[in-house]
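Here is a quick tour for anyone meeting this structure for the first time. Take a look at it, then read on.

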Amino acid sequence: MQNNTNISEFNTETLELVNRIISRYPEGRQKSAILPVLHIAQSENSGWLSSETMDYVASLLQIQPIEVYEVASFYSMFNLQPVGNCMIEVCQTGPCWLNGAEDILAHFEKRLGIKPGETTADGQFSLKAVECLAACGNAPVIQVGIEYHEKMTTGKADELLEKWQSENKCSHTNPYL
Amino acid sequence: MSLVKVTIDQIEVEVEAGTTILNAARIIGGNIVPPAMCYYSKLEGSGGKCRTCLVKVAQGSAKDPRPMPKLMPSCRTLVQDGMVVQNITSPEVMEARKAITEFLLINHPLDCPVCDQAGECHLQDLSYDHGLADTQTVEDRRTFAPIDIGDKIKLHMNRCILCYRCVMVADQLTDHRVHGVLGRGDHCEISTHILKAVDNDFSGNMIDVCPVGALTDKTFRFKSRVWFTKPFDAHRECTKCIGKVVLWKKGDEILRVTGRKDKYGELEEFICNDCRFEHKEPNDWQIEGPRKIERHSVIGQNHYEKL
Amino acid sequence: MAQQILLKNSDVPGLASFEVYRKLGGYASVEKTLKNFTPDQVTDEVKKSGLKGRGGAGFPAGMKWSFLDKSTSNPRYFVCNFDESEPGTFKDRHIGQLNPHQLIEGMILGSYALGARTSYIYIRGELFYVLRIIEKAIEEAYANGFLGKNILGSGYSLDLYCHPGAGAYICGEETALIESLEGKRGNPRIKPPFPAIVGLYDCPTVVNNVETIANLPWIMNNGAEAYAAIGVGNSKGTKLISACGHINKPGIYEIELGLPVEEFIYSDEYCGGIRNGNKLKAVVAGGSSVPILPAELILKTAKGEPRLMSYESLAEGGFETGTMLGSGGFIVMDETTCIVKNLLTFSRFYHHESCGQCSPCREGTGWMERILHRIENGHGTMKDIDLLVSISKHIEGNTICPLGDAAAWPVASAIRHFRQEFEDHVKLQKCPLSK
């Protein structure tokens with residue numbers, strides 16, 4: 001089952017972090033904090049941004065909800081639908097393609113039995129084909145949470161999958177902590 | 001205010017410094033005026049997006065006569081003293097405009113036969129003037145389901161050209177904007193994200209500023225082709241707006257109320273939803289007389305001339 | 001060995017820590033500059049050094065600084081563009097990850113020159129782990145008196161913060177970056193006005209690339225003349241080249257501008273030649289957006305002169321036979337590469353990254369991708385090839401920001417130099433190189 005519970009509110013510690021981030025911008029410009037705060041909110045809401053989560057972010061930043069929807073839907077790192085516990089992002093742009101990214105993606109598809117954009121039935125893994133991760137020298141590259149895994153091979157993919165399965169890997173932890 | 005001289009398609013005009021090329025062209029008037037699908041003089045920050053008004057600046061100014069290296073959006077480029085602009089006299093501009101028209105159409109449903117905007121649609125005009133006879137695309141078009149945003153406005157996202165005018169209306173005329181542009185690239189859409197009614201006294205102006213049939217008046221939906229209705233200037237005492245409107249009548253029946261638009265399709269004044277949607281009885285209005293509609297739409301032009 | 005300004009101490013363990021960086025002479029330029037230079041003198045040094053913007057456009061950095069509107073009483077902002085996302089480019093990540101203090105040192109110098117009291121490093125969201133490294137380094141710099149109030153008793157105060165993006169190549173365009181930093185969608189602004197006049201929070205703003213900024217400490221330590229003495233012609237200094245693709249030694253190399261391309265590709269000091277002893281087919285020399293060149297034109301200009309790694313030499317011949325140094329993202333393709341498929345991945349990228357604001361880019365990028373997809377998969381027609389050229393021509397120069405050009409150039413150049421390969425796809429109704 002996918003975890004699609006909604007956060008109600010940040011805890012005190014997270015709120016402190018959010019307020020510290022807001023204080024980096026001039027008075028009245030708290031909207032500037034929207035991307036960092038959405039990153040945090042997404043990590044606290046099982047890796048995706050529900051309408052309720054976005055409304056909460058709007059209230060924290062004292063802006064209209066539509067302003068949050070507009071921004072969240074623009075940036076590719078934000079998921080507006082529930083995702084699996086561990087999201088595997090496979091780069092597919094030129095330099096990674098030149099070095100076999102298609103094989104890596106196909107391997108993950110086969111191993112997980114899902115296509116990019118899908119989540120395994122047990123809710124553990126989601127697969128996403130992404131564009132350039134700026135690590136082309138070590139292509140092919142994948143990203144899981146804030147980790148990069150470079151010079152990927154199918155063998156390495158198997159090792160990682162095994163590890164993630166056994167540790168019940170979660171890719172959406174608070175990126176600041 | 002100091003005056004500057006600018007030449008557009010070999011016609012010289014003196015305008016106030018700070019005027020855009022497009023507005024200078026509108027002062028000259030006639031067929032040298034570039035089409036504008038996103039610019040709207042009454043909406044701050046509008047323009048620059050659709051690129052239909054691109055022109056060639058053959059001479060930057062008297063002081064610096066170098067030509068500008070790229071075609072410039074005339075709606076956002078200020079005139080300089082001694083500037084020389086080419087619009088319809090530049091083959092390069094005409095080619096670009098044709099291309100822009102095609103870009104705007106490759107994902108447009110071309111559903112004019114069932115679109116209430118037909119007859120007063122700026123994209124229809126643009127295609128008539130600059131479109132190709134045939135399409136060069138073979139792929140499926142991007143599609144969205146039509147939705148209601150509020151009980152009076154229909155959104156057909158398929159027809160939208162993303163001019164952002166309706167977003168600016170909501171930003172600049174109302175307290176709380178609830179709709180906006182969501183998504184990115186060619187997935188962009190006008191939306192409220194979660195089904196929310198756009199509900200405020202001036203939301204109806206979104207219909208009037210929409211250059212295409214993306215936002216239409218639900219109270220007029222499928223009632224009549226616009227060219228079968230007769231426009232009359234009328235007014236009423238209104239506490240919310242100026243109360244000056246155009247009534248679109250068929251016989252004695254008022255099918256639709258809109259604001260009054262100038263020859264570039266821009267509202268002279270924004271009107272309130274009360275006037276627009278709630279007053280369709282003849283005795284609601286003082287009728288001033290038939291409204292002369294300027295040559296505008298491909299379908300409309302012949303008809304209105306006969307009024 | 002070429003002069004090393006940016007990679008010099010890369011393999012020193014612990015370089016990312018203040019202690020190690022300081023021991024190696026780090027932050028000396030801040031001490032020297034705050035004591036001996038007025039802000040305008042710093043700008044003059046940077047101007048004299050000939051340093052050009054290393055993000056891709058190659059605009060002279062000192063000149064960009066000199067446009068800053070100093071007539072207003074509004075705050076001024078200095079912003080680091082760490083949104084590195086151009087396919088083939090991965091040099092800034094290297095600086096941020098291994099040598100964050102050199103970037104911070106450069107940020108202090110630039111902020112001082114421009115009179116900024118608050119500066120931001122805008123870093124792409126995918127690189128959050130690098131953001132954390134930089135934030136830690138910033139903390140150390142505060143703790144040691146190089147950031148914060150009254151730096152080194154000079155009276156100059158500066159706050160420096162990191163700001164994460166969230167997945168949008170377009171935010172590497174400086175006005176989109178500013179919008180994003182303001183908490184909005186990354187829609188580029190319509191210029192003029194330029195950021196130097198109306199930038200972040202409507203205040204005068206300069207945005208510079210990571211590599212550009214990381215050069216500043218060396219320039220202030222060694223003087224503009226010393227920097228300008230490196231390189232060739234108007235290509236002054238060193239440049240990070242991130243090399244990838246079908247080479248034996250992909251990685252990041254700091255070259256003195258003017259190095260022959262042939263030496264860069266084949267020397268063991270750099271790329272070490274083509275993998276498996278294969279033949280070189282083509283190179284995209286400055287990140288995915290610059291024109292692709294076939295082997296014969298990347299090694300030698302159309303006039304038969306050796307092509308050099310410099311702004312001028314790579315551009316020699318214009319777009320007909322030349323290309324651009326761009327961001328230094330050097331993508332090498334060997335004889336097994338399908339040019340059409342490689343282009344398809346680029347076009348998919350630009351389609352995915354178009355902000356959607358202006359119609360030629362919003363509609364044209366997707367259209368090109370769809371046609372290329374057809375051709376690569378054996379459903380294309382000869383007419384499609386000309387249609388691609390025509391679409392690219394109609395996007396180029398007609399958009400709000402340079403993303404339109406960046407999407408158009410790869411298409412136009414691939415067909416210009418490899419038309420036969422496109423035609424073969426059409427004739428065979430499949431990719432001639434597919435397995």
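## Where chains A and C meet

Let's start between two chains: 35 residues of chain A are in contact with 43 residues of chain C, where contact means that C-beta atoms, placed from the backbone, lie within 7 Å. Bear in mind that this is a predicted model, in which local features need pLDDT of at least 70 and side-chain atom pairs count only at pLDDT 80 or more, while totals for chains, interfaces and linings use all residues. Residues are numbered from 1 along each chain as its sequence is written, and chains are lettered from A and ligands numbered from 1 in the order in which they are written.

On the chain A side, the elements giving two or more residues are α2 (34–44), α4 (65–72) and α5 (94–98); helices here are DSSP runs (H or I, at least four residues) and strands are E runs of at least two, numbered from the N terminus. The top giver is α2(A), with five residues. Sorted by class, this side of chain A has 22 nonpolar, eight polar and five charged residues. (Ala, Val, Leu, Ile, Met, Phe, Trp, Tyr, Cys and Pro count as nonpolar, Asp, Glu, Lys and Arg as charged, and the others, Gly among them, as polar.)

## Domains in chains A and B

Chain A splits into domain 1 (12–72) and domain 2 (86–167), with bounds from an automatic or database domain assignment. Their centres, taken over C-alpha atoms, are 29 Å apart.

Chain B has its own domain 1 (3–99) and domain 2 (112–305), and 27 Å separate their C-alpha centres. Domain 1 of chain B puts 16 residues into the contact and domain 2 of chain B puts in 15.

Strand β7 (residues 153–155) of chain B is joined to β10(B) by three bridges, and B:I153 has B:D217 as its bridge partner in β10(B).

## Two helices in chain C

Over in chain C, helix α16 (residues 339–353) packs with helix α19 (residues 403–428) at an angle of about 160°, their axes 9 Å apart. Axes are lines fitted to C-alpha atoms, for helices over the stretch in contact, and angles run from 0 to 180 degrees between N-to-C directions. So α16(C) and α19(C) are roughly antiparallel (angles over 145 degrees count as such).

Definitions and conventions:
Parallel < 35°, antiparallel > 145°, perpendicular 65-115°, else oblique. Pairing = 2+ DSSP bridges.
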